[in-house]
Amino acid sequence: VMNFKRSVIVGAALFAASVMSAQAATKVEFWSHSLAPTYDAYHKDIVEKFNGSQKDIELVYKDLGWGAMKPAIVAAVAEGNVPGLALVPTNWMVEMAPKLLTPVDSIINKGQFTGAALANATTDGKIYGFPSYQVTAVMVYNKDMLAKSGVKADFKTLDDVFAAAKKIQAATGKPGWAPKLQDGFTGWFMFEGLPVIQNGKAVYNSPAHVALVQKFADAYKAGTIVKDTNLTFDEQIAMFANGGVGMFAEGGHAVKKIKDANPAAYKAADVTTFPLGDSGKLAFGGWTTMYVVPKGQKDMKSVGVVGNYITGEEVQEKFAKASYTFASTKTANAKAAKDASLNDMTDPGKKAFKMGGLVIDKTRHLFLKDLPGNVDEGALSKAMDAKIEAALQGRISVKQALDEAVADSNKRLSAAK
């Protein structure tokens with residue numbers, strides 16, 4: 001009897017232990033970036049699908065707002081309590097690696113991504129992220145405002161855009177165009193094929209650079225472009241939705257958000273292609289993202305399983321269709337493009353997705369990289385943009401602004417060597 005009782009107790013203990021081990025799945029938390037609440041249903045779906053497919057890893061999801069992601073990663077690394085993965089734009093990855101991030105070369109399924117996407121995720125010879133969605137811009141416009149202004153929505157050059165903005169402002173009293181100055185001026189120089197840093201030196205004060213900034217300064221003074229150089233993504237959409245501007249250039253995901261802000265404005269919206277820059281080689285508004293692994297992560301194997309899943313072909317195709325952005329995998333974009341539900345060219349968001357797809361191969365995320373030494377790219381760009389903003393606002397001449405900015409940049413570059 002004693003032996004029977006003992007065997008029952010031991011058996012019960014073993015059963016309890018096996019239940020506990022079955023329940024003790026490894027938790028891997030991933031942070032998305034400013035995607036809630038628009039894509040809550042998408043994230044709920046992929047999390048449920050993953051968690052229902054296996055028992056070893058429990059996927060946990062959290063979304064952080066635009067201003068919250070960087071401080072959250074810094075704090076998590078400092079405290080030693082990091083998430084598995086966090087979604088950041090490519091330029092933030094370059095800024096954070098290697099101090100705050102762990103390379104993912106040993107855990108990433110490189111075969112599913114395009115070469116361009118992997119190149120974007122690589123810095124100092126190491127891959128620091130699982131490539132996620134990418135954006136390219138189309139020109140979004142208010143049909144009524146353009147009709148009233150006699151503007152045909154067909155832009156071959158940047159000068160065509162400025163000319164259209166001038167006509168819109170003259171006819172409606174509203175700025176014709178919001179030119180994404182909130183992202184800084186580095187991208188505009190690169191878009192026009194003008195170098196910013198060459199051979200370790202700042203070179204953006206040539207006559208061609210001055211002429212480009214002068215176009216923006218003249219338009220700013222005349223009110224043909226928006227006078228807020230720090231519009232957030234959502235403020236830009238709200239301005240368009242409220243009839244405050246004739247045109248802005250963004251990806252299909254932004255067009256979709258107009259519908260949430262004002263259904264009437266969505267009906268009044270249409271899209272066309274934005275001119276190609278750098279002699280026809282470059283699409284405007286390139287934005288690439290990736291899931292990075294904050295430093296201090298101990299379970300890289302589980303993080304690898306999750307990272308390859310949330311950036312895999314099937315999941316990226318699903319997000320492309322939900323958001324009208326583009327995947328960084330090899331076949332997801334082609335599959336999404338064939339979806340019959342996305343072929344309604346009377347719908348501005350779906351049309352933006354189709355038009356963006358025509359130039360996604362010419363899209364690059366434009367930011368300063370391969371800078372010498374430990375120069376702070378963010379601080380360098382911020383100082384440059386402050387001078388250019390002063391020129392746009394007419395406080396100093398464009399030539400003086402660029403000369404002073406270049407001198408400041410070169411001081412930073414020399415100090416960092």
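## Exercises on pockets and cavities

The second largest pocket holds about 710 Å³ of space. A pocket here is an open set of points on a 1 Å grid over the protein atoms alone, with protein on both sides within 12 Å along at least five of seven lines; a volume is the space filled by probe spheres set on the points, which are joined across faces, edges and corners. This is a predicted model, where local features need pLDDT of at least 70 and side-chain atom pairs count only at pLDDT 80 or more, while totals for chains, interfaces and linings use all residues. Residues are numbered from 1 along each chain as its sequence is written, and side-chain values use heavy atoms, with hydrogens and water left out.

**Exercise 1. Describe the lining of the second largest pocket.**

Step 1: Start at the centre. Of 25 lining residues (those with an atom within 4 Å of a point), V94, E95, A97, G373 and V375 are the closest to it.

Step 2: Move on to the elements. Two or more residues each come from α4 (90-96), α5 (115-120), β5 (122-123) and α17 (377-392). Helices are DSSP runs of H or I with at least four residues, strands are runs of E with at least two, and numbering starts from the N terminus. With four residues, α4 gives the most.

Step 3: Sort by class. This lining has 11 nonpolar, seven polar and seven charged residues. Ala, Val, Leu, Ile, Met, Phe, Trp, Tyr, Cys and Pro count as nonpolar, Asp, Glu, Lys and Arg as charged, and the others, Gly among them, as polar.

**Exercise 2. Find what surrounds the largest cavity.**

Step 1: Count first. There are three cavities of 30 Å³ or more, a cavity being a set of points where a 1.4 Å probe fits but cannot get out.

Step 2: Look inside the largest cavity, with about 130 Å³ of space. Its lining has 17 residues, and Y42, S132, Y291, I310 and F319 lie nearest the centre.

Step 3: Trace the elements. α2 (40-53), β7 (130-135) and α14 (313-323) each supply at least two residues, and α14 has the largest share, four.

Step 4: Check the classes: 13 nonpolar, four polar and no charged.

**Exercise 3. Which element gives the largest share of the lining of the second largest cavity?**

Step 1: Note the volume of this cavity, about 50 Å³.

Step 2: Read along its lining, which includes P131, S132, Y133 and Q134.

Step 3: Compare the elements. α5, β7 and β14 (287-294) each supply at least two residues, and the largest share, four residues, comes from β7.

Step 4: Finish with the classes: four nonpolar, seven polar and no charged residues.
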